[in-house]
Amino acid sequence: MLRFLYVIFMNLFRAPYMIPKMRYQANHPEKYSEQKRYALVQHAITLMKRSGHIHTKAYGEENLPKDGGYIMYPNHQGKYDALGIMITHKNPCSFVMDKVKSHMILTSEIVDLVQGKRLDRKDVRKALPVLNEVTEEVKHGRKYIIFPEGDYVFNNHNRLSSFKAGSFKCALRSKVPIVPVALIDSYRVFNSFSFGKVTTQVHYLKPLLYEEYKNLKTVEIAKIVQERIEQVIEEYSFMPC
């Protein structure tokens with residue numbers, strides 16, 4: 001939390017330029033390609049990383065499917081999670097996040113730049129059309145991040161909560177690869193009392209192809225993905241950076 005406030009303070013002088021620029025491009029996708037808007041998001045993340053003494057290392061990029069859409073399912077640790085993935089994910093990707101938290105300044109601009117989805121987790125009826133949109137977009141080649149834990153615990157020390165089976169319906173319906181993503185020490189960036197230099201890890205694991213999970217129930221898929229992520233966290237969480 002201290003680092004979050006510090007990063008905001010250190011970038012206040014950029015806000016009068018960056019925020020309007022991000023908002024303008026987000027409001028005019030017909031003028032700016034997905035790649036260009038994504039590059040602006042990555043630039044904003046880079047500025048935050050530099051001012052906040054944040055380093056992020058990626059592993060397993062070779063596991064990302066080369067063609068077509070796919071859904072990444074990472075563990076959830078805090079505000080930096082999606083940013084850590086997007087700064088290491090070369091091709092444009094988007095994400096689904098809680099509608100209530102999505103309207104903060106800068107967060108709102110990032111969501112709209114990547115045409116992310118705002119999900120009302122308290123209203124299943126309103127959430128269903130949003131997830132249907134994700135399903136259709138992924139079918140047509142887009143890449144998405146969905147956090148199967150739903151929410152995160154402050155200062156969670158790399159511990160996982162149970163993955164919600166319903167979050168895997170998008171993958172099952174779109175028949176695209178599922179990419180488990182293990183995030184390590186991401187909580188230390190904005191969701192702990194840490195303030196010194198921090199290094200986070202993003203591990204892209206071997207994808208679970210539709211042919212491998214098409215006959216499984218979503219509860220079984222959730223268990224497989226969670227176990228794979230837990231295994232990587234257990235193996236690498238104490239790795240020297």
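I began with the helix packing and noted that α3 passes α4 in a left-handed crossing. A crossing is left-handed if the near helix is turned anticlockwise from the far one by less than a right angle, and right-handed if clockwise. The model is predicted: local features need pLDDT of at least 70, side-chain atom pairs count only at pLDDT 80 or more, and totals for chains, interfaces and linings use all residues. Residues are numbered from 1 along each chain as its sequence is written, and side-chain values use heavy atoms, with hydrogens and water left out.

**Entry 1: helices α3 and α4**

I looked up the geometry of helix α3 (residues 34-52) and helix α4 (residues 81-88), which pack at an angle of about 115 degrees with their axes 9 Å apart. Axes are lines fitted to C-alpha atoms, for helices over the stretch in contact, and angles run from 0 to 180 degrees between N-to-C directions. Helices (H or I, at least four residues) and strands (E, at least two) are DSSP runs numbered from the N terminus.

I then listed the contact (heavy atoms within 4.5 Å). On α3 the contact is made by Tyr-38, Val-41, Gln-42, Ile-45, Thr-46, Met-48 and Lys-49, and on α4 by Leu-83, Met-86 and Ile-87. By class, the contact has seven nonpolar, two polar and one charged residues. Here Ala, Val, Leu, Ile, Met, Phe, Trp, Tyr, Cys and Pro count as nonpolar, Asp, Glu, Lys and Arg as charged, and the others, Gly among them, as polar.

**Entry 2: salt bridges**

I took a salt bridge as a side-chain nitrogen of Lys or Arg within 4 Å of a carboxyl oxygen of Asp or Glu. The count comes to 10 salt bridges. One of them joins Arg-23 and Glu-109 at 3.3 Å, N to O. Arg-23 lies in helix α2 (residues 15-27) and Glu-109 in helix α5 (residues 107-113), so this pair ties together parts that are 86 residues apart in sequence.

For accessibility I used buried for under 20% relative accessible area, exposed for over 50% and partly exposed in between (1.4 Å probe, protein chains only). Arg-23 is partly exposed at 21%, and Glu-109 is buried at 8%.

I next checked Glu-133 and Lys-117, whose closest N and O atoms are 3.0 Å apart in a salt bridge. Glu-133 lies in helix α6 (residues 124-139) and Lys-117 in strand β4 (residues 117-119), so the pair ties together parts 16 residues apart in sequence. Glu-133 is partly exposed at 41%, whereas Lys-117 is buried at 11%.

Within helix α6, Lys-139 and Glu-136 lie three residues apart, about one turn of the helix. Their side chains meet in a salt bridge at 3.3 Å, N to O. Lys-139 is partly exposed at 44%, as is Glu-136 at 40%. I also recorded that salt bridges with shared partners join Glu-34, Lys-117, Glu-133, Glu-137 and Arg-142 into one network.

**Entry 3: aromatic pairs**

I paired rings of Phe, Tyr and Trp (its six-membered ring) with centres within 6.5 Å; planes under 30 degrees apart count as stacked, over 60 as edge-to-face and the rest as tilted. The count comes to seven aromatic pairs. Phe-4 and Phe-190 are edge-to-face, 5.3 Å centre to centre with 75 degrees between the planes. Phe-4 is in helix α1 (residues 2-10) and Phe-190 in helix α8 (residues 187-190), 186 residues apart. Phe-190 is buried at 2%. Ring pairs link Phe-4, Tyr-80 and Phe-190 into a cluster.
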